[in-house]
Amino acid sequence: MAKLPILRYPDPRLRRRAEPVTVFDDRLRQLIDDMFQTMYEAPGIGLAAPQVDVQLRLLVVDVSEQRDQPLVLINPQLLESSGQELNDEGCLSVPGFYEPVQRAAQIRFCAMDRNGEPFEQEAEGLLAVCIQHEMDHLEGKLFVDYLSEMKRQRIRKKLEKLRRRAG
Ligand code: K2U
Ligand code: ZN
């Protein structure tokens, strides 16, 4: 298992659209395990492959209190969404900033598991928010894209300043 480096906004690699997973082998399963370790240690409740510079349509989530309900979504597709919910969101690629984002309250999606088996599932609450947040990452979309240009630039400038200071 390995903790993977997480790309930070405004890294342009976060803006690429990820490619479908077509090979379900041990190398993919090792990447999934490494993503879970990276997520748990961050700590976070979700992580998408593009955040660790892997352009694959793969994400991991675990919104459980006990951190013992891992869920892998490969090539996920949103089938239905309903309701609206406003939540403060953060992002491991935009550390230290939290802003309200409106998303669907309930979703139904299909995806493949780590063995390539397809499944369908419904989600609501924090799990639904997290999955929508991660699926945005597969399209190169970040939660800052839902904010005003002024807010987005303010966050970008602060993170670039921190990066310059860190050298
Ligand atoms: O994609 C990521 O960077 C992981 C996010 C997922 C997330 C963002 C907003 C709302 C729900 C999920 C990180 O987990 S942000 C850190 C965090 C930790 C606990 C609860 C909410 C957010
Ligand atoms: Zn994120």
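A salt bridge is a side-chain nitrogen of Lys or Arg within 4 Å of a carboxyl oxygen of Asp or Glu. The exercises below use this definition and others like it on a predicted model.

**Exercise 1.** Decide whether Arg-108 and Glu-80 are joined by a salt bridge, and state which strands the two residues belong to.

*Solution.* Begin with the general idea that side chains of opposite charge can pair when their charged atoms come close. Next, take the distance: the closest N and O atoms of Arg-108 and Glu-80 are 2.6 Å apart. Because the cut-off is 4 Å, the pair counts as a salt bridge.

**Exercise 2.** Describe the surroundings of ligand 1, and find which side chains make polar contacts with its oxygen atoms.

*Solution.* First, locate the ligand, which takes up the space of the largest pocket. Second, list its neighbours: 13 residues surround ligand 1, with Ile-45, Gly-46, Gln-51, Leu-92 and Glu-134 the closest. Third, sort this shell, which divides into five nonpolar, six polar and two charged residues, and note that helix H2 (residues 125-138) supplies the largest share, five residues. Fourth, apply the cut-off of 3.5 Å for a polar contact: polar side-chain atoms lie 2.8 Å from a ligand oxygen in Glu-134, 3.0 Å in Gln-51 and 3.2 Å in His-137. Last, consider cover: of the 480 Å² of accessible area that ligand 1 has on its own, the protein covers 83%.

How values were computed
Residues numbered from 1 in each chain as written. Chains lettered and ligands numbered in written order. Predicted model: local features only at pLDDT ≥ 70, side-chain atom pairs only at ≥ 80, totals over all residues. Heavy atoms only, no water. Near = heavy atom within 4 Å. Polar contact = N/O pair within 3.5 Å; in protein donor to acceptor, adjacent residues only side chain to side chain. Areas by Shrake-Rupley, 256 points an atom, 1.4 Å probe, with all protein chains shown as cover. 1 Å grid on protein atoms, 1.4 Å probe; cavity = no way out; pocket = protein on both sides within 12 Å on 5 of 7 lines; lining within 4 Å. Sits in = over half its atoms within 2 Å of the grid points. Helix = DSSP H or I, 4+ residues; strand = E, 2+ residues; numbered from the N terminus. Nonpolar A, V, L, I, M, F, W, Y, C, P; charged D, E, K, R; others polar.
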